Amino acid sequence: MSIPMAHPMPSPANCSTRFSKELKPLGTEPASSPASMRAFNRSSNAGSGDGNTTVSPTSVIAFEDGAGRSNDAGEFSSEEHSHELRNLHGVKESSDFNDSNWAFTDSLLSLDFESSSQSSAKNADFNDEREYACDVKRAPIHTFTVNNDSDNDDVDGDGNRNEALVDECEPVKPAPVTKGNKGLCYRCFKGSRFTEKEVCLVCSAKYCGNCVLDAMGSMPEGRKCVDCIGYPIDESKRESLGKCSRIFRRLLNELEVRQIMKAERFCEVNQLPPEYICVNGRPLSFEELVTLQNCAAPPKKLKPGSYWYDKVSGLWGEEGQKPCRIISPHLNVGGPIKPDASNGNTQVYINGREITKVELRMLQLAGVQCAGNPHFWVNEDGSYQEEGQKNIRGNIWGKSGTKLVCALLSLPVPSKCSILCGERTSSPVSKRVPDYLEHGIVQKLLLVGYGGSGTSTIFKQAKILYKDIPFSKEERESIKLTIQTNVYSYIGLLLEGRERFEEESLWNMKKRQSDVLDSSTDWMIPLWLTTGVSSNNKTIYSIGTRLKAFSDWLLRTMASGKLDAIFPAATREYAPLIEEMWSSAAIKATYKRRREIEMLPSVASYFLERVVEILRADYEPSDLDILYAEGVTSSNGLACVEFSFPPSAPEETVDTIGLHDSFARYQLITAHARGIGENCKWLEMLEDVGMVVFSVALSDYDQFSAEGNGCITNKMLSSRKLFETIVTHPTFEKMDFLLILNKLDQFEEKIKQVPPTRCEWFADFHPVISRQCSGNNKNSINNNSSLAQLASHHIAVKFKRLYSSITGRKLYVSLVKGLEPDSVDAALKYAREIVKWNQERLNFSLSDNSMYSTEDSSFSFTEC
Ligand SMILES: Nc1nc2c(ncn2[C@@H]2O[C@H](COP(=O)(O)OP(=O)(O)OP(=O)(O)O)[C@@H](O)[C@H]2O)c(=O)[nH]1
Ligand SMILES: [Mg+2]
């Protein structure tokens with residue numbers, strides 16, 4: 001169904017003599033502005049004369065085809081008529097035609113005028129009379145007929161006009177009058193097609209600079225001839241509403257121009273008639289048009305026409321065409337969508353509409369499975385499911401490359417407003433992630449690493465960084481117990497260390513004693529000065545009897561694996577003893593040699609410093625405590641956190657893409673290295689992981705641990721072995737990898753004392769450090785950090801080469817300090833970018849070598 005245009009042709013049957021000439025008030029707005037007159041052109045009588053029937057297309061066509069361009073009665077040829085009108089116009093212009101300031105206008109549209117004929121042609125398409133007949137308002141008629149014919153029925157015997165009859169008749173829009181060649185001014189009939197002119201928005205009459213102000217008067221409705229005031233504009237000119245021409249700028253001052261343009265845009269009669277917009281086969285009511293135009297994401301530059309609208313997804317398009325825009329969803333406008341709304345022939349349906357080929361292509365590129373002619377249910381957020389099924393299958397907009405694909409295929413993407421401001425959606429400011437995205441598809445990032453590399457720390461950082469409530473009450477309660485248990489185990493490790501160091505000292509003492517006894521020269525020096533052992537067999541690692549008893553009991557309990565049994569009841573009871581132990585000289589001396597206590601983590605002191613507070617029953621761990629706490633995440637199975645990256649800029653300034661990124665969902669899944677064996681069952685379950693984030697502790701280069709086979713192996717080499725296992729695993733064959741070189745802070749410290757060559761893999765690390773940089777000058781810290789930079793770069797290259805030799809692809813690397821939130825944030829955002837690039841690369845089959853070089857030199861470190 002097509003939509004009628006603003007220039008309907010009056011039915012010739014009606015436009016007989018009594019409509020041959022009309023009078024209108026001159027230069028003023030009609031008393032009651034006939035905004036509703038815009039409906040007139042659809043309700044002109046088609047021969048019935050009742051004034052309420054709709055335009056008869058046949059009569060329109062008959063008129064158009066009418067030879068001689070005359071009306072049915074044949075009383076006027078258009079030429080004769082025009083001629084007469086011109087004369088009358090002349091009378092009007094000389095202001096001596098009548099006493100009431102009335103002017104004649106042409107009632108019959110001259111076919112000399114392009115606009116008239118065009119609109120007639122469009123009107124000929126208008127053949128669905130029934131749909132329009134019901135809601136047409138009868139316009140108050142402000143035109144009056146002056147009929148010179150003596151037998152005119154509209155004038156009674158006294159010469160008075162028959163108002164009743166006139167009111168039944170439909171008004172006819174004025175048509176311009178001109179003579180001679182095209183390009184002449186319609187008023188002075190001078191000039192050429194090159195003369196600058198202003199055009200009437202209603203009848204398209206063109207006036208030169210000398211005539212335009214006279215012809216248009218005070219312009220209460222903008223650029224219209226005075227005769228056209230009160231008439232709706234020619235819809236083909238809607239886009240020029242409010243856009244001032246050069247000629248006006250020259251003739252009027254700025255304020256006048258502004259007022260006229262404002263009137264033009266906002267006066268009632270110039271508004272788009274709602275019934276000219278047909279949505280899903282139904283013309284809109286006034287309320288519906290208001291809803292449509294005032295929603296958060298309205299259709300831009302709405303023109304009369306027929307459109308389809310998918311209320312669920314917000315997709316909007318011209319009838320029979322692919323979607324051109326995503327507007328606010330759930331607007332109560334138009335009828336229900338029809339399957340053939342966009343003329344699709346793909347047998348794939350979205351919300352009941354058969355989609356077009358180009359949409360199908362987009363879905364395929366977005367990774368949506370379209371085999372088997374599926375019927376999808378797509379929500380406004382892009383999440384989709386098959387009709388009749390409960391589970392969300394994915395999110396069209398969740399895939400980073402989809403927007404780019406849409407841009408290339410000229411398909412719309414959700415605007416910021418359509419995402420945020422559907423009638424049912426809530427404010428994005430109030431909640432970091434809107435509800436409707438909770439169920440959308442997520443990009444999965446698998447975080448793995450060798451034991452102690454910091455995966456749990458990074459995982460917890462993600463929770464703290466991106467979740468409003470990172471840990472529930474129950475989680476905190478259980479973490480509290482974990483921290484308290486950890487404190488006991490740290491003390492236990494220290495006590496073990498103390499015992500060892502004490503024994504060593506005593507053994508050294510005995511050895512020394514025997515050496516001293518053997519020597520005849522040193523007999524004068526007191527023993528304790530040479531051995532660190534006092535004369536009563538006490539060393540700096542020795543503790544008093546009470547603490548010793550407690551130490552023995554604690555170590556026995558730990559050795560028997562019954563430490564858990566003393567919690568939580570004994571927690572408070574032993575706290576003072578633990579505190580006393582921690583502050584004792586023996587433990588202090590032991591802690592100084594913590595490097596020799598293998599299992600003792602660096603965070604032990606963080607907790608031991610606050611041991612009394614931590615062991616209290618009412619202790620509530622802070623986020624930092626939880627971050628530092630070991631054993632918080634599941635140690636054997638999988639742990640998962642789902643989040644969105646919060647927008648980096650204020651909401652107002654976020655562009656569509658940035659905003660969408662901020663709502664994209666990610667899932668960080670962490671799995672313990674122990675779970676990743678050859679027979680690991682769950683690895684296959686991670687096939688849809690977007691990328692693998694592999695964590696390596698830089699500081700592991702001088703650390704050793706016992707492998708499963710009992711071999712003591714350098715931890716860096718163990719890390720490398722695990723890395724190779726994961727990279728070569730079929731599940732992760734085609735995935736991108738981000739290597740997190742973690743514990744950079746520890747590495748920077750350690751490298752001051754232990755060279756990276758301690759690990760055989762880095763035996764070829766021979767940095768050239770300038771003499772200026774070496775030595776213990778005041779720049780030594782910078783030197784150490786630059787040495788750390790060189791060394792970390794060297795380690796990164798090792799991993800990159802290894803990865804490239806296995807996969808032929810580039811390994812992304814990020815240097816991280818796991819205990820610093822900003823550092824982890826940067827690394828995870830880097831992972832997000834890689835997932836996006838990867839998606840785009842897949843979509844457009846870009847070769848690795850073009851954008852994603854595997855060169856060692858193309859480092860992609862993120863800042864720490
Ligand atoms: N100094 C420092 N310590 C870190 C860093 N990352 C993690 N740690 C500490 O290293 C220890 C081990 O970290 P986790 O996150 O538990 O390591 P993991 O990979 O989960 O270890 P397992 O689960 O035992 O295999 C913890 O004490 C962390 O606090 C870091 O960047 N710098
Ligand atoms: Mg862990």
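**Figure 1. Leu741 has Leu815 as its bridge partner in S23.** This is a predicted model: local features need pLDDT of at least 70, side-chain atom pairs count only at pLDDT 80 or more, and totals for chains, interfaces and linings use all residues. Residues are numbered from 1 along each chain as its sequence is written, while chains are lettered from A and ligands numbered from 1 in the order in which they are written. Strand S22 (residues 736-742) and S23 run parallel, joined by four bridges. Leu738 also faces S23, standing opposite Tyr812. Strands here are DSSP runs (E, at least two residues) and helices are runs of H or I with at least four, both numbered from the N terminus. Two strands pair if DSSP finds at least two bridges between them.

Figure 2. From S22, Asp736, Leu738, Ile740 and Asn742 point one way. Phe737, Leu739 and Leu741 point the other way. Seven of the seven residues of S22 are buried, where buried means 20 or more other C-beta atoms within 10 Å of the residue's own, exposed means 12 or fewer, and partly exposed lies in between, with C-beta atoms placed from the backbone. Strand S23 (residues 812-815) sends Tyr812 and Ser814 one way and Val813 and Leu815 the other. These four residues of S23 are all buried.

**Figure 3. Strand S19 (residues 689-697) also runs parallel to S22.** Seven bridges join S19 and S22. Met691 stands opposite Asp736 in S22.

**Figure 4. Ligand 1 lies between domain 3 and domain 4.** Both domains give residues to its shell, so the ligand sits between them. Domain 3 covers 448-468, 638-671 and 676-851, and domain 4 covers 473-627. These bounds come from an automatic or database domain assignment. The shell holds 22 residues, each with its C-beta atom, placed from the backbone, within 6 Å of the ligand. The closest are Gly451, Gly454, Ser456, Thr457 and Gly818.

**Figure 5. Helix H15 (455-466) supplies the largest share of the shell around ligand 1.** That share is three residues. Helix H26 (744-750) also supplies at least two. By type, the shell divides into four nonpolar, 14 polar and four charged residues. Nonpolar covers Ala, Val, Leu, Ile, Met, Phe, Trp, Tyr, Cys and Pro; charged covers Asp, Glu, Lys and Arg; the others, Gly among them, are polar.

**Figure 6. Ser456 is placed in helix H15.** Ser456 counts as buried because 24 other C-beta atoms lie within 10 Å. An unreviewed UniProt entry lists Ser456 and Ser635 under "binding site". UniProt positions follow the numbering used here, feature names are shortened, and annotations may be inferred rather than shown by experiment.

**Figure 7. Five strands form an open sheet in the order S12-S11-S13-S14-S15.** The pairing is mixed. Strand S12 (353-354) and strand S15 (394-395) stand at the edges. Each has a single partner strand, so one side of each has no neighbour in the sheet. Strand S11 (residues 349-350) and strand S13 (residues 375-378) run parallel through two bridges. Tyr349 stands opposite His375 in S13.

**Figure 8. Gln385 sits in strand S14 (residues 383-386).** Gln385 counts as partly exposed because it has 17 C-beta neighbours inside 10 Å. Leaving out residues up to four places away in sequence, Gln385 touches Trp377, Asn391, Ile392 and Arg393. Contact means C-beta atoms, placed from the backbone, within 7 Å. Gln385 and Ile350 are 35 residues apart in sequence, with their C-alpha atoms 9.9 Å apart.

**Figure 9. A further open sheet of five strands runs S7-S6-S8-S9-S10.** Its pairing is mixed. Strand S7 (282-283) and strand S10 (323-326) are the edge strands, and each pairs on one side only. Strand S6 (residues 277-279) runs antiparallel to S7, with two bridges between them. Val279 has Arg282 as its bridge partner in S7.

**Figure 10. Arg249 lies in helix H8 (residues 246-251).** Arg249 counts as exposed because it has 11 C-beta neighbours inside 10 Å. Beyond neighbours within four places in sequence, Arg249 is in contact with Cys244 and Val257.

How values were computed. Contact = placed C-beta atoms within 7 Å.
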